[in-house]
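Reader: Before any questions, please show the sequence and the structure.

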Amino acid sequence: QTCALPILGAWRNQQWQAKVNFDSLITTLASAGPSNLWVAAGDRLFRVAEGNAPAEVLQLPSNVVARVLLEDRSGALWIGGAPGGLFHWDGSQLSAVPTSSRLITCLYQDRENNIWAGTEGGGLNLIRRRIVTLLGQDSGLPVESVHSVTQDREGTLWAAASGGQLIRSKDDRWEQFPEWSGGSATCVARSEEHTSELQSPY
């Protein structure tokens, strides 16, 4: 998700089409509804609609470099900084959310609308209705750095650790997935075509 140029473009009709130039490097992108995008560039956050100029909606604190964005089902935006920590923006107010590490590497919303934040060195954090649960090795999480997290259709949580381990939460306990033989896991995602199948990390 990290970009090397301050240019936002799209791949259409078998060619790259540059769309918008920014005056700062783009650090991450995220979906903003069915046809819009959130764009973090420098210390500013933009909403980009097809055919329109970017609309600046927020200036981030000076110590925050946005690395991951997630618009939840209510339309609120979660901003993960590396560094900077985790922030929640409801459209009018930006609030810092306490986490076990100020390096946020991934964000995911499960089917109960909980937010899961993977961190570098602080394990996996669960944010549930203004309650933050910090999961680390002391609470049974077998790793301390989580780079990707998702939930399958049966409700099982899966995560890829920085060391390449594939872990899952089964019966409210985290464990390393014993049947995984695909090498180093870097990313997990849910397949919509199967009721309870984990896609192979890539």
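Reader: Which residue forms a salt bridge with Glu175, and how far apart are the closest N and O atoms?
Author: This is a predicted model. A salt bridge requires a side-chain nitrogen of Lys or Arg within 4 Å of a carboxyl oxygen of Asp or Glu. Glu175 meets that criterion with Arg168, the closest N and O atoms being 2.7 Å apart.

Reader: Is Arg168 buried or exposed?
Author: Buried means under 20% relative accessible area. Arg168 has a relative accessibility of 14%, so the residue counts as buried.

Reader: How many residues apart in sequence are the parts tied together by Arg47 and Glu71?
Author: The side chains of Arg47 and Glu71 form a salt bridge of 3.7 Å, N to O. Arg47 lies in strand β5 and Glu71 in strand β7, so the parts that the pair ties together are separated in sequence by 24 residues.

Reader: Which residue in the hairpin of β9 and β10 takes a positive phi?
Author: Strands β9 and β10 run antiparallel and are joined by four bridges. His88 stands opposite Ser95 in β10. Four residues lie between the strands of the hairpin, and the positive phi, near 105°, belongs to Gly91.

Terms used:
Residues are numbered from 1 along each chain as its sequence is written. This is a predicted model: local features need pLDDT of at least 70, side-chain atom pairs count only at pLDDT 80 or more; totals for chains, interfaces and linings use all residues. Side-chain values use heavy atoms; hydrogens and water are left out. Two strands pair if DSSP finds at least two bridges between them. Helices (H or I, at least four residues) and strands (E, at least two) are DSSP runs, numbered from the N terminus. Buried means under 20% relative accessible area, exposed over 50%, partly exposed in between (1.4 Å probe, protein chains only).
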